[in-house]
Amino acid sequence: MSNSSSLNEFLLLAFADTRELQLLHFLLFLGIYLAALLGNGLIITAVACDHHLHTPMYFFLLNLSVLDLGTISTTVPKSMANSLWDTRAISYSGCAAQVFSFFFLISAEFYLLTVMAYDRYVAICRPLHYETLMGSRACVRMAAAAWASGFLHALMHTANTFSIPLCQGNTVDQFFCEVPQILKLSCSDSYLREAGLLVVSGCLTFGCFIFIVLSYVQIFTAVLRIPSEQGRHKAFSMCLPHLAVVCLFVTTGLFAYLRPASISSPALNLVVAVLYAVVPPAMNPVIYSMRNKELKEALKKLVQLLLVQQQ
C-alpha cells in the first residue's frame with residue numbers, strides 16, 4: 001500500500017487462532033468488562049446520590065470512574081466482537097477514533113490522579129486552608145483542566161499519527177490501535193515527529209509523577225507526626241487507595257512502554273497491554289472501596305435500595 005489514504009482497515013492482533021480459545025477470550029473479557037461496568041457504575045451512582053459524599057475527594061473519584069468506564073469501553077468491546085465473530089478487522093476511521101479516545105481518557109486520568117494527589121496533600125498538610133484551596137469552583141476547574149489537557153493531548157497525537165504515510169502493510173501488533181504499533185507501519189522519517197511528541201508527552205507524564213511522589217513524601221511526613229493512632233489510620237485510609245491506583249497505573253504503563261526490546265514478543269505485548277489498558281479500570285473500584293468506610297456504607301445503601309426496588 002503506497003500510503004495511508006489507500007488503507008480502508010487495519011488488522012488487529014488476535015488473542016488466539018482456535019475457535020475454543022477465541023470464545024474463552026470473549027468470555028474472559030466479558031467478565032472483566034461487566035465487573036468494570038458494575039464497579040465504576042456503582043461508585044458513580046453512590047457519589048452522585050449520597051450527599052455525604054459530595055466532597056472534593058469523592059468528586060474526583062466520580063470523574064476517575066467515568067474515565068475508567070470510557071477507557072475500558074474503548075478497547076475491550078471491539079476485541080470481544082472480533083473474537084466472537086472470528087475477525088481481526090477494524091476500520092481506518094474506527095482505528096483513529098480508538099487512538100483518540102484511548103489517548104484522551106488515559107491522559108486525562110493521569111492528570112486527574114495528579115490533581116487527586118494535590119487534594120490529599122492539602123487535606124493533610126494544609127487542613128486549615130482546605131476549604132479555601134479546594135472549594136467547589138476550584139475542584140470543577142481542576143477536573144476540567146485534566147479533561148481538557150487529555151483532549152488536547154489526544155487531538156495532537158491522533159492528528160499527527162494519521163498524517164504519517166503508512167506503507168508497511170496494515171497489521172497492528174496489538175489487540176487495539178496503539179500509536180507505537182501504528183508507527184511501525186510508517187514508510188518515511190516523518191514518524192520521528194510523532195516519536196518526538198511521545199517523548200515530550202513522556203516528560204510531562206514524568207513531571208506529574210514527580211509531583212505525586214513529592215506530594216506523598218510530604219503527606220507521609222505529616223501523617224507520621226500525628227500523635228494519635230486513630231488519626232494516622234484515618235489519614236492512611238484516605239491516601240493509600242489513591243497511592244495504590246497511581247502505582248498500578250504507572251507500573252503497568254512503564255513496563256508496557258519502557259521494557260527492553262529483548263523481552264518483547266507478540267504474546268507478551270498482548271499480556272502487557274491487558275495489564276495497563278484493561279486491569280486498572282476494573283481494579284480501581286475494588287481498590288477504592290476496600291479501605292473506605294464511607295464509600296462502603298454508601299454502596300451498601302445503594303445495593304439495598306436496588307434490591308428493594310426489584311422486589
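Ser-149 has a relative accessibility of 32% and so counts as partly exposed. This residue belongs to helix α5, in a model that is predicted.

**Annotated spans**

- An unreviewed UniProt entry carries the annotation "transmembrane region" for residues 23–45, 57–76, 96–118, 138–156, 198–223, 235–258 and 270–290.
- In the model, residues 198–223 are 100% helix and 0% strand, with 37 Å between the end C-alpha atoms.
- Residues 235–258 are likewise 100% helix and 0% strand, and their end C-alpha atoms are 33 Å apart.

**The sheet**

- Three strands form an open sheet in the order β2-β1-β3, and the pairing is mixed.
- Strand β1 (residues 9–12) runs antiparallel to β2, and 3 bridges join the two.
- Between β1 and β3 there are 2 bridges, and these strands run parallel.
- Phe-10 stands opposite Ile-90 in β2.
- Leu-11 has Ala-89 as its bridge partner in β2 and stands opposite Thr-171 in β3.
- In a regular strand, side chains alternate between the two faces of the sheet.

**Packing of helix α3**

- Helix α3 (residues 92–125) packs on the sheet, where it touches β1 and β2.
- The direction of α3 makes about 85° with that of β2.
- Helix α3 also packs against helix α5 (residues 136–161), at an angle of about 145° and with the axes 7 Å apart.
- The crossing of α3 and α5 is right-handed.
- On the α3 side, the contact residues include Phe-100, Phe-103, Phe-104, Tyr-111 and Tyr-118.
- On the α5 side, they include Met-142, Trp-147, Ser-149, Phe-151, His-153 and His-157.
- By class, this contact has 16 nonpolar and 6 polar residues, and no charged ones.

**Ser-149**

- Ser-149 is among the α5 residues that meet α3, and its 32% relative accessibility places it in the partly exposed class.
- Ser-149 and Leu-37 are 112 residues apart along the chain, and their C-alpha atoms are separated by 25 Å.

**His-242**

- His-242 is located in helix α8 (residues 229–258).
- The relative accessible area of His-242 is 2%, so this residue is buried, the cut-off for buried being under 20%.
- Leaving aside residues up to four places away in sequence, His-242 touches Leu-113, Met-116, Ala-117, Tyr-216 and Tyr-288.

**Cys-167**

- Cys-167 sits in the loop between α5 and β3.
- Cys-167 counts as partly exposed because its relative accessibility is 25%, which lies between the 20% limit for buried and the 50% limit for exposed.
- Cys-167 and Leu-7 are 160 residues apart in sequence, yet their C-alpha atoms are 9.2 Å apart in space.

Conventions:
Residues are numbered from 1 along each chain as its sequence is written. This is a predicted model: local features need pLDDT of at least 70, side-chain atom pairs count only at pLDDT 80 or more; totals for chains, interfaces and linings use all residues. Side-chain values use heavy atoms; hydrogens and water are left out. UniProt positions are given in the numbering used here, feature names are shortened, and annotations may be inferred rather than shown by experiment. Helices (H or I, at least four residues) and strands (E, at least two) are DSSP runs, numbered from the N terminus. Two strands pair if DSSP finds at least two bridges between them. Contact means heavy atoms within 4.5 Å. Axes are lines fitted to C-alpha atoms, for helices over the stretch in contact, and angles run from 0 to 180 degrees between N-to-C directions. A crossing is left-handed if the near helix is turned anticlockwise from the far one by less than a right angle, and right-handed if clockwise. Ala, Val, Leu, Ile, Met, Phe, Trp, Tyr, Cys and Pro count as nonpolar, Asp, Glu, Lys and Arg as charged, and the others, Gly among them, as polar. Buried means under 20% relative accessible area, exposed over 50%, partly exposed in between (1.4 Å probe, protein chains only).
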